[in-house]
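This briefing is for a reader meeting the structure for the first time. It covers a covalent link, a sheet and an interface, in that order.

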Amino acid sequence: MKKSKNWLVFISLVFVVIIRYFSSAPEYQEGDKIRITSRVYTDPVKYDTSQYLRLAGLKVYLPKFPEIYYGNKIVVEGTVREGRLDGAILVEVTESDNFFLGVRQRLISFYQETLPEPFAGLISGVTLGAKGALSNDFWQKVVNTGVAHVVVASGMNVTFVASFLIGVFAIFLSRKKAIPFVILGIILYLFISGFDAPLVRAAIMATIAFSAQETGRLVTAARALVISALVMLIINPNWVTDIGFMLSFVATGSLLLFERKIRKKLEKVPEFLKEGLSTSLAAQIGVTPILFVTFGQFNILSPVINALVLWTVPYIMFLGAIGGLVGLVVPLIGKVILYLSYPFVWWFSSVVTLFNF
Amino acid sequence: MVVFIRRYIIQFLVLLVSIIWLSVFQISDANLHIIACDVGQGDAILVIKGSTQILTDGGPSSKVLECLSSYLPFWDRKIELIVSTHPDADHSTGLVEVLKRYDVDTVLINKLDVGTQVAKALENEVGSSGARVVYPKRGMGIRLGLIYLDILHPPEGFESTKTNDYSIVYILKYGDFEAIMTGDIDQDVSEQLAVNNQIQGVEYIKVPHHGSRNGLTENLLKALEPKIAVISLGKNSYGHPHKEILDMLTNQRIKLLRTDLEGDIEVVTDGDKFWAVD
């Protein structure tokens, strides 16, 4: 009885996804001159003379100035041609008065005023998943070495936020009472760093897992993964073609399937490298074919490089977040805290540069 | 508990020691360094003496930030002087990002209204940075520690239809060493400079206009007699550097260094001798 009910829920979710996908398909046709008014939900990709973003399922290239950021409301005009908006003109850009977006932008500026590149970009990427803050050159290096997942918004960010908050709240609350605050914290983090597919995925999964703990119900990670995928596609059907969305689910799936088995085989690897190596090897199994097909890129040394840099990530994220938030109030102390992250970001970028031959 | 705390203290000390060691290797020496940053087709020239920096133009992209990162210690976030020779995108785009991130004391820039998006972005950024703005005119002198800048161009009340002609030209003096920065001046301005000023005997010239034939002239080169010529350029569709200019330099036996062939070009001087770093 219970089982058949579960299946019913699953099938109806799939139906809703399909209906949503077809009903939300845009109504323009090839050659139409259109005007799009939209909020920007992820940072545009910055090139030397232009910036790129996706709006209403179209590729849009705009001149470099005025610069657009996550959270801005923009009006763009152009002609639909083969999936891109030809001759795109930025008619209007309104800065968001949203408090969280302000915080995000000020954090990134603070990193950039405190440390030079590529370190400031690396901290922005690791802490906030702000890929747009990385220089083109360094971005290319992290892609070549297969560690790009660290500097884009990924489930790892949410995992760190969650475990950090649990650690903090556990000091003066029982675990059960702490859970609502942790979930709230994760949602706040999402508002500050942007609604990139991998973050939303991890946030939904974490919420499912934590609420299950609270209600005492048993939910397998695999089921949480499938449910969050379906819920996300109902919210935003465009995600179905989002590479970050696909990679996030495939990577998480591979982790669930293979990570434990691989870790058992790595007895001789030193403890601080072990987790980095086992998780990246496990994720690679699923992710590599997708990366190879979409980017034509594959680095055989990637698991080694990952193992060498991943241990620095919790330190960078912790010092970046604390240093940034403190820095918004007392810049001098914030700077000192960020300086403490310098050896870690230096190590990270040196490894990436060294292996980028 | 005690063991725990002791472990944290040891980790923290290791961290501090590594910061100190990483810092020690970034402290600059007592010499003056001129670095023509490899920013592609454009100009960005960085001068460093101790903790004083002068950045002349910022290139066509934010690539200039990498150059600043590799030659400045990580804690030095102050640039004493920015010279924006003229508003063309291949010289001023990178300055927008530099002004956002660095604490800039003074900006030397022409008062021009060209109306391009880049020029507007730069103007906004200069305005909000709180930097002191200085408008150049011939005869003006600027001193920064032991470094002297003599401004040769443009003269007061200068008028032209071309933005390149407004390029700020200056001679940098450090001890007996002299270097001339020429922006994108064309032949007319080069000829005027050759006759109008009593300049003679510089060691270093930043060849005007990325080695275009519409830039350096024989007369200016004869007046200056440089030993080292640097051309800042990248892949381009203009045919830079033009053969006429390369021949001119070869004929006068001037050592030529190009950013498109060698990347960043660093020339060092102690105020007496000077040498290029490989």
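With -70° about the S-S bond, C37(B) and C67(B) form a left-handed link. This is a predicted model, in which local features need pLDDT of at least 70 and side-chain atom pairs count only at pLDDT 80 or more, while totals for chains, interfaces and linings use all residues. Residues are numbered from 1 along each chain as its sequence is written, chains are lettered from A and ligands numbered from 1 in the order in which they are written, and side-chain values use heavy atoms, with hydrogens and water left out.

**Disulfide**

- Over all chains the structure holds one disulfide, meaning a pair of cysteine sulfur atoms within 2.5 Å.
- C37(B) and C67(B) are the two cysteines joined, at an S to S distance of 2.1 Å.
- The two cysteines are 30 residues apart and link distant parts of the chain: C37(B) lies in the loop between strand 1 (32-36) and strand 2 (45-49) of chain B, and C67(B) lies in helix 2 (residues 64-71) of chain B.
- Helices (H or I, at least four residues) and strands (E, at least two) are DSSP runs, numbered from the N terminus.
- C37(B) is buried at 1% relative accessibility, and C67(B) is buried with a relative accessible area of 4%.
- Buried means under 20% relative accessible area, exposed over 50% and partly exposed in between (1.4 Å probe, protein chains only).

**Sheet**

- Chain B has an open sheet of seven strands in the order 7-8-9-10-11-12-13, with mixed pairing; two strands pair if DSSP finds at least two bridges between them.
- Strand 7 (141-144) and strand 13 (255-258) of chain B are at the edges, each with a single partner strand, so one side of each has no neighbour in the sheet.
- Strand 10 (residues 177-181) and strand 11 (residues 204-206) of chain B run parallel and are joined by two bridges.
- Opposite I180(B) stands I205(B), in strand 11 of chain B.

**Interface**

- In chain B, 24 residues are in contact with 20 residues of chain A, contact being heavy atoms within 4.5 Å.
- Between them, chain B and chain A bury about 2,000 Å², 61% of it on carbon and sulfur atoms.
- Buried area is the accessible area (1.4 Å probe) that two parts lose on being put together, summed over both.
- L22(B), F74(B) and R101(B) supply 29% of the area that chain B buries against chain A, more than any other three residues.
- Two salt bridges are counted between chain B and chain A, each a side-chain nitrogen of Lys or Arg within 4 Å of a carboxyl oxygen of Asp or Glu.
- R101(B) forms a salt bridge with E117(A), with the closest N and O atoms 2.4 Å apart.
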